Amino acid sequence: MLFLAKLIWRDFLRNRTSFLFTFLAIATVSCLIVWYVASIDTAAFARDNGMAAYFGKYTLALHAQNGFDDNDLFAFSSIPGVADVSYASQQDTEMLLLGFDGALIPSGMGARLSPSLIGLTDKQPPFELAEGRWFANDGECVTGTAAEKLLTAVAGQQKSPREIHLGDKIQVKGAAGTRTLTVVGRITQKIPNRFTLQNGQTFAFGFGAGIGGRPMGGGQRPNNARSRGQRPDFRLRPIGATAPAVYVSLSDSEAITGHCDTNLLYVQLSKRNAETKYLRACEAHLGAPLANFGITETDTQPQKLQSTQGNPDKSVVAQVWSTIGIVILASIFIIFTTLSMGFSEKTRQLSLLRTLGFTRGQVATLILLQGLSLGVLGWLGGLASGLLLLTVLVRFKTGFFPLVTIGVVPCLFALASALVGAFLASLLPAWRATRISPVETMTRRATRFPVRKCTIAAIVGLLFLSVLRGILLLPNTSSTLVLRLFSTVGTISLVVGLLLVSPAIVALSERLFAPLLARLFGLHPKFLRSALTTSWRRTLCTMIALSLGLWLYTAIHIWAGSMLKMFLVPREIPDVLVRLHPAAATPEAIAEVKQFPRIVPERTMRTCVAQPELHPELAKRLQSKGAWANNLVVMGIDAATAWRKQDPLISLRFLQGSRSKAFQAFSQPGARVCVIPETLAQNGGLRVGDVLRLRKGIGKTTQEYVDYTIAGVVEFPWIWFSKCSGVRVSAGRTAALIFVPYETPIADFAALDNAFLWFDTLPKTTFSEIEEYMTKVATRHSKRNPLLRMLRSFSGGTLWDSGLNKNYVQVSSNESLNNSLTFRAISVIRTMTRMPLVILTFSILAILNTMVVSVKSRRWELGVMRACGVTRFGILRLILAEALLIGFAACTLSFAAGLFYAWCAISLVDFAPLFGVIAPPLHIPWHDLASGYLLAIALSAIAGIYPAFQTASTEPSVLLARKEQ
């Protein structure tokens with residue numbers, strides 16, 4: 001064994017370049033795993049570590065939701081060990097930075113948040129000031145940098161926030177009045193992203209809020225608030241000790257809010273690490289845990305959240321395992337590629353060992369030990385680099401330089417992954433090493449591409465891939481069984497199928513791209529005719545290692561791009577929908593709205609909206625298909641305007657029926673007909689001529705139903721439009737949106753007349769122009785109905801349309817709705833694709849090692865080419881072309897695999913429905929895919945630069961002298 005260890009060490013010294021690349025490959029994989037797993041702990045650490053800036057000289061803070069009792073305050077302040085306390089009143093107000101134009105907020109993105117207003121008793125600055133001084137007089141304030149971001153951020157716009165300077169004016173509006181404050185000091189504060197305490201974020205440092213880009217555990221909807229017709233607050237406004245805040249005197253706070261009840265207590269302890277003892281003393285005084293009294297406590301110790309790290313949310317754990325599986329798979333291929341490269345480079349050396357008397361088992365043991373040694377060394381390098389990376393990221397996210405520690409679990413996970421990856425990657429080279437005979441010391445084995453075998457493998461691979469698609473076509477199969485088969489049998493068949501098809505992809509890519517690259521680099525086509533198939537095993541491993549990240553990147557973008565089409569508001573409906581509050585919904589208001597100079601008069605239509613319940617039979621059928629409600633949004637429209645033959649206002653494509661037939665049906669006096677979207681037709685099993693039964697009236701006690709005959713089925717992605725435009729007038733969720741004649745919702749469901757106006761606008765009309773005009777009209781007419789002004793109109797149960805109760809009007813444009821949807825979707829997609837791009841970037845090591853070994857194994861041939869007159873620049877172009885050829889082959893495999901998997905995943909919507917949508921047609925977002933594929937090509941070119949320059953700079957005599965090294 002000692003002799004084998006010496007051989008391994010000597011081999012490392014002799015092949016330093018290969019050893020370095022292999023070590024870097026395993027180290028980067030280990031670093032990725034450490035980064036991924038340890039981020040769960042580090043996220044909690046970083047969130048808590050940044051709290052020190054909010055307490056200054058104080059040790060901890062207590063926040064009481066309903067304020068502190070005087071007796072409790074006296075008791076909490078008198079506990080032994082308390083050095084100093086500060087009583088504060090924290091209130092929720094509306095703030096506006098004067099001189100900053102932050103009013104232009106796109107529709108669908110909600111109102112901008114305001115910082116908290118904290119009135120303090122301190123006469124000296126308890127916090128470290130970045131600049132300025134502590135307030136000394138009324139009308140002065142001190143701001144934190146976190147609060148400044150809220151004051152200057154505009155929701156939905158990618159703009160750099162304006163910096164706040166000393167002397168700026170902040171207008172604060174509270175229950176007791178409005179006061180203008182002057183900024184006299186600034187505090188540096190760091191808080192988590194989006195100013196919310198999002199518990200359960202996975203891998204927040206680099207990968208964002210979870211795999212799907214949303215927080216898990218934090219920000220969930222409260223107990224069916226929507227189903228009760230209430231408006232839950234999704235803003236997650238941070239109220240508490242670590243909230244973004246503007247600090248003022250208690251007198252200013254009372255003048256603005258009308259009271260100065262103490263609900264925030266800052267405590268400075270005389271001894272270190274005495275927080276737990278103090279909190280226990282507080283609970284002993286109360287006789288129960290602090291949480292029972294609505295009191296939340298926060299301290300500055302990084303260990304505070306460690307108790308929650310051992311019990312992560314199940315959804316987080318599931319995402320960790322699924323993603324780590326992809327990471328391990330990528331690491332195995334990267335390690336396998338590098339180790340197999342080293343084996344092919346050492347064929348002559350291993351055959352010499354066989355000549356000297358080594359048995360097949362000893363040779364295999366040598367290869368396995370070499371792989372495991374590299375695994376251990378790479379693991380150590382990965383731990384060091386992972387620790388450094390996490391430290392840098394925490395520093396970047398929090399502004400502090402912490403002492404980050406890696407737990408036992410990430411270390412063991414990375415060690416197991418490195419050793420298992422190295423062992424599995426060493427098995428095939430070890431097996432091939434046992435087949436080497438001593439005769440091979442005198443000969444060199446040339447492997448040819450097995451065309452016949454690869455053709456058969458491709459056919460078998462296509463059969464395996466058809467299994468994945470066949471699972472989605474199983475007749476009379478439950479959705480649960482289909483999903484389980486897809487995730488188990490389908491995944492296995494996908495992996496096996498792609499592996500079997502890959503050799504054929506190598507040959508096809510060489511046939512397609514070799515002539516193009518030869519022409520591009522000014523080479524004879526024969527130079528690249530067999531560049532991939534000569535060493536096809538090596539090329540295959542490299543291509544798969546490069547394809548793993550790019551394949552997942554492709555699948556995510558195609559799937560997301562296709563699903564997004566089911567939510568984007570179409571151009572075939574009017575541009576703007578205006579909803580008036582009941583206090584402003586008068587004929588005079590509608591007439592004045594129509595006078596807006598940017599409206600196209602001939603493309604304007606009154607609309608009435610109701611939201612009746614479905615008959616239980618159809619409601620149950622739709623809910624089994626993923627619908628979240630038992631009602632429909634019914635929009636009453638004018639058929640003469642909407643379905644007219646020339647220039648119809650609603651030009652949606654009819655899938656069943658026709659626009660002319662719908663016009664005739666809607667034009668019949670008293671007709672109860674409807675046009676429904678494709679989603680309702682497919683999920684409900686409805687066709688033209690069928691009947692929809694809707695509950696009559698607005699009370700839920702009546703059992704009288706009215707029938708509407710279906711006159712047409714249109715292609716209409718209605719979900720986002722109905723969610724954000726205010727047409728969900730009595731419930732926060734709905735199963736579909738249908739069109740009916742204008743008079744019927746008023747007669748059957750007591751819909752408000754004159755409440756909605758739907759119209760097109762002239763080109764270059766801005767949303768702010770429309771909103772400003774409509775707000776003035778609605779405010780003026782609502783003053784004539786003081787009783788109705790007090791009515792809180794239910795406007796869909798979302799924050800986005802809260803302006804209806806504030807400005808007495810809600811304006812929704814198709815462009816702004818799509819902008820808000822796209823803004824959200826892009827942030828989620830970017831988060832989902834970060835991990836594939838990281839894997840793709842790490843794969844450059846596999847390409848680099850492939851090119852280094854490929855060049856080393858052909859030194860003599862390259863020397864002959866140089867001796868025959870090929871220039872240095874010609875050799876350089878040849879090697880770069882080969883590297884790019886590998887990149888093009890990987891892109892071909894990635895696109896085919898990603899397209900196929902996304903196509904299958906889209907079809908899963910029919911088995912795991914959500915929101916009642918149906919499987920959309922396949923859509924390929926070429927623009928979004930381009931960046932990933934350009935990155936893959938660029939990485940391939942970068943990987944070829946080092947071996948290309950190294951070989952081109954070597955003299956022909958040196959190359960010819962190294963024929964069989």
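Leaving aside its neighbours within four places in sequence, which residues is His259 in contact with? They are Ser89, Gln91, Ser253 and Glu254, where contact means heavy atoms within 4.5 Å. Let us keep His259 in mind and first look at the whole model.

This is a predicted model, in which local features need pLDDT of at least 70 and side-chain atom pairs count only at pLDDT 80 or more, while totals for chains, interfaces and linings use all residues. Residues are numbered from 1 along each chain as its sequence is written, and side-chain values use heavy atoms, with hydrogens and water left out.

The protein chain averages 77, and 76% of the residues score at least 70. Over residues 155-160 pLDDT stays under 50, and the model has nine contacts for them beyond four places in sequence. Where pLDDT is low, the predicted coordinates should not be read in detail.

Now for the overall build. The protein chain has 30 helices and 21 strands; these are DSSP runs numbered from the N terminus, helices being H or I with at least four residues and strands E with at least two. Of the 965 residues, 54% are buried, a word that stands for under 20% relative accessible area, with exposed meaning over 50% and partly exposed in between (1.4 Å probe, protein chains only). Among contacts with a separation of 6 or more, 82% join residues 24 or more positions apart.

One pair of helices deserves a visit. Two packed helices are described by the angle between their axes and the distance between the axes. For helix H14 (residues 536-564) and helix H29 (residues 926-952), the axes come within 9 Å and cross at roughly 170 degrees. Axes are lines fitted to C-alpha atoms, for helices over the stretch in contact, and angles run from 0 to 180 degrees between N-to-C directions. H14 and H29 are therefore roughly antiparallel to each other, the term for angles over 145 degrees. Among the residues that meet here are Leu546, Leu550 and Tyr553 in H14 and Leu929, Tyr933 and Ala936 in H29.

Back to His259, which sits in the loop between helix H6 (250-257) and strand E10 (264-269). His259 counts as partly exposed because its relative accessibility is 30%. Although His259 and Ser89 are 170 residues apart along the chain, their C-alpha atoms are separated by 8.7 Å.

Asn814, in helix H25 (residues 814-842), is buried, with a relative accessible area of 9%. Not counting residues up to four places away in sequence, Asn814 touches Val569, Pro570, Ile573, Pro574, Asp575 and Phe721. Its C-alpha atom is 8.8 Å from that of Leu568, a residue 246 positions away along the chain.

Finally, consider the backbone angle phi. Most residues other than glycine have a negative phi. Asp647 is not a glycine, yet has a positive phi of about 50 degrees. Asp647 lies in the loop between helix H17 (639-642) and strand E15 (654-656) and is partly exposed, at 45% relative accessible area. Asn754 has a positive phi too, near 65 degrees. Asn754 belongs to the loop between helix H21 (743-749) and strand E20 (756-761), and is buried, with a relative accessible area of 9%.

Notes. pLDDT = per-residue confidence, 0-100. Parallel < 35°, antiparallel > 145°, perpendicular 65-115°, else oblique.
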